[in-house]
Amino acid sequence: MSGARAAGLAVSVLFSPARLGSLTLKNRLVMAPMGTCLDNGGHITDDTVAYYERRARGGVGAITVEGCLVSADTVGPEPRISGPEYLPGLRRVVDALRPHDVTVGVQLMHPGRQVVDGPSVAPSPVPLNSFSPVPHELTVPEIEVIVADYARAAVFACEAGFDFLEVHGAHGYLPSNFLSPQHNHRTDGYGGCLQNRARFAVEVARAIVAAVDLPLVWRLNGTDAEPGGLMIDDAVAVARMLADAGVASISVTSGTWLTLQETLAPMSVPRGHMRELAAAVREAVDVPVMAVGRLDDPVLAAELVENGEADLILLGRGLIAEPDWPVLVRTGRVDEIRPCIACNACVDLVGRGERARCSVNPEVGRELTWSVTPAAHPRRVLVVGSGPAGLETARIARLRGHDVSIWERDPALGGKLEVAGLAPSKHEVLRFKDFQAARLAALGVEVHTSSPVSAATIRAERPDVVVIATGADPLVPPIPGIDGPTVHDAQALLRGEVPVGPGTRLVVVGGSATGCETAELVRAQGAEVAIVEMRGSIGRGIEAITRRQLVRALKRDGVEVLTRATVVSISPETVTWEDPDGARHELPADVVALAIGWRPTGTADLALDDIEVHVLGDADTPADFVRAINSGADAALTL
């Protein structure tokens, strides 16, 4: 039997029906609730509706609409379900999804102390961190009001037409905060022993079950992944209590705002990192269990169901990147799945209160207006450069019917994608690069590698349009000795062009993403590594969760990090740097890697007066992956 045939048989279990209380889901794939910031003042917008409708078209069995605030006095960027004025928008979501044979639920949420603004409340006056305010300790009457808020929100959800409900009882939000022995210091009936700490959650569950006849899912941490927090044995016991209180399903997750590398694992974390938590709960309860945690590998997801570790599979970021994931898996077109690379750009934007976007899918957040329509007048389009902007321009331009060629000076497509993916923690980037290259081949884009482009090349090809996506060149400041024989662009070390190994003393000048990734790779090869950065921290520009994980790993692995340090000279054996007080220090250096920044290549002398030219991505303004992909898409949609 072929591998593809075996995989097809293996994943078929994902498309068998599943029970959720009184409901029958058409398959075992559930869209996880993830914030979008597409609402307006708590009200569902046309953009919100279009976002969910697009994912319903992709064949998922159930959709859980993102967390909606249950209490009117809570301040947050989330939609609201705290009053009748929010029902029209919520009904519109349900009505838009009905034609797609999908079961629709909504998550009920109270953030507790995990708020950016407004009232901060908690079981005990324990702040989230040293920068956060001390939360108000809830009184028993105030707890009773919040329990009633959940029940009232459940009634509103029923009136809006939702099929099921979910309570966000995890990730350090209010119910989770009550469960934590680390943060719940109460001495009354809501604190102390596990049964008391679970009392709030059980009361909320019972109030909802009594108020509406809808299946209730409870999102529960298998572990808080922080010292002194909830652990799996107690989570299992809480899951039993909730099932006894009438909860129809347990959705098992992990982490809090203090341990987001668990909740929203970056690409350096293996897929399925929470599977053992789900399996432990599944063994203990008689209700269906949902598993989550980078389960967008269909064979892995099917394995969890086949092994009895979970009944339902949650897809979050994977469905942001590829809304058609279910139908593509079901029909055996796995190679067409646009891979989620767990870069967390979507999470980072929403965490800052900005609209959701995606590094690999430019449609995200603009589903309402997104349309790849055939070009009225197909043209010859020549794309110079195959980084993220160039690849996406070529793909969408070809989909629109243009005659497209892409030209890359290096031996393989990818540009900075190829280099970034060489760092140990960023290999997922190469999956996206390979996906884009395969799509261009399937679409019939003419590909030229090892092909530098000059004005003469353009004249010979006679295109109607030239798209310049040549990226950016490294900045090389006028530091004495920077042109010495031991000094190299950091990308050369990532490519393996500069020999390093055990005993090599490497100094990385600049703590940018490229600098950190170079330090990570070379340290893994056994070299002694130091990073010298002018600013107060390293990793700026990297998504916050990934940055935290990477910086911790660098320090754990023995990389010396010097901040507020200015390099003043480089010799064949040393790097001299100056601290804020003007004192000078020397670092021994066999090799120096420069990762100071970038300058746009611009038109690179490729602009011709009689040919339409577009300059995109880093070639125009060095920025991030999201901007590069979106600029490529925008250009292709207007050609």
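**Close-up views of a predicted model**

Asp149 is buried, with a relative accessible area of 8% (buried means under 20%, exposed over 50% and partly exposed in between, using a 1.4 Å probe and protein chains only). Before we go on, a quick note: this is a predicted model, where local features need pLDDT of at least 70 and side-chain atom pairs count only at pLDDT 80 or more, while totals for chains, interfaces and linings use all residues. Residues are numbered from 1 along each chain as its sequence is written, and side-chain values use heavy atoms, with hydrogens and water left out.

**View 1. Asp149 and its partners.** You'll find Asp149 in helix α4 (helices are DSSP runs of H or I with at least four residues, strands are runs of E with at least two, and both are numbered from the N terminus). Skip its neighbours within four places in sequence, and Asp149 is in contact with Val70 and Ser71 (contact means heavy atoms within 4.5 Å). The side chains of Asp149 and Ser71 are also joined by a polar contact of 2.6 Å (a pair of N or O atoms within 3.5 Å; within protein, one must be able to donate a hydrogen and the other to accept it, and residues adjacent in sequence count only if both atoms are side-chain atoms).

**View 2. Helix α3 meets helix α4.** The axes of α3 (residues 87-97) and α4 (residues 140-160) come within 8 Å and cross at roughly 50 degrees (axes are lines fitted to C-alpha atoms, for helices over the stretch in contact, and angles run from 0 to 180 degrees between N-to-C directions). That makes α3 oblique to α4 (under 35 degrees counts as roughly parallel, over 145 as roughly antiparallel, 65 to 115 as roughly perpendicular, and the rest as oblique). On the α3 side, look for Leu87, Leu90, Arg91 and Val94, which meet Phe156, Glu159 and Ala160 in α4.

**View 3. Gly597 in a loop.** Gly597 sits in the loop between β25 (591-594) and β26 (598-600). Gly597 is buried, with a relative accessible area of 16%. Leaving aside neighbours within four places in sequence, Gly597 touches Asp473, Pro474 and Leu475. Ala438 is 159 residues from Gly597 in sequence and 31 Å from it in space, C-alpha to C-alpha.

**View 4. Glu586 on a strand.** Glu586 belongs to strand β24 (residues 584-588). Glu586 is exposed, with a relative accessible area of 57%. Apart from neighbours within four places in sequence, Glu586 is in contact with Thr574, Val575 and Thr576. Glu586 and Val575 are 11 residues apart in sequence and 5.6 Å apart in space, C-alpha to C-alpha.
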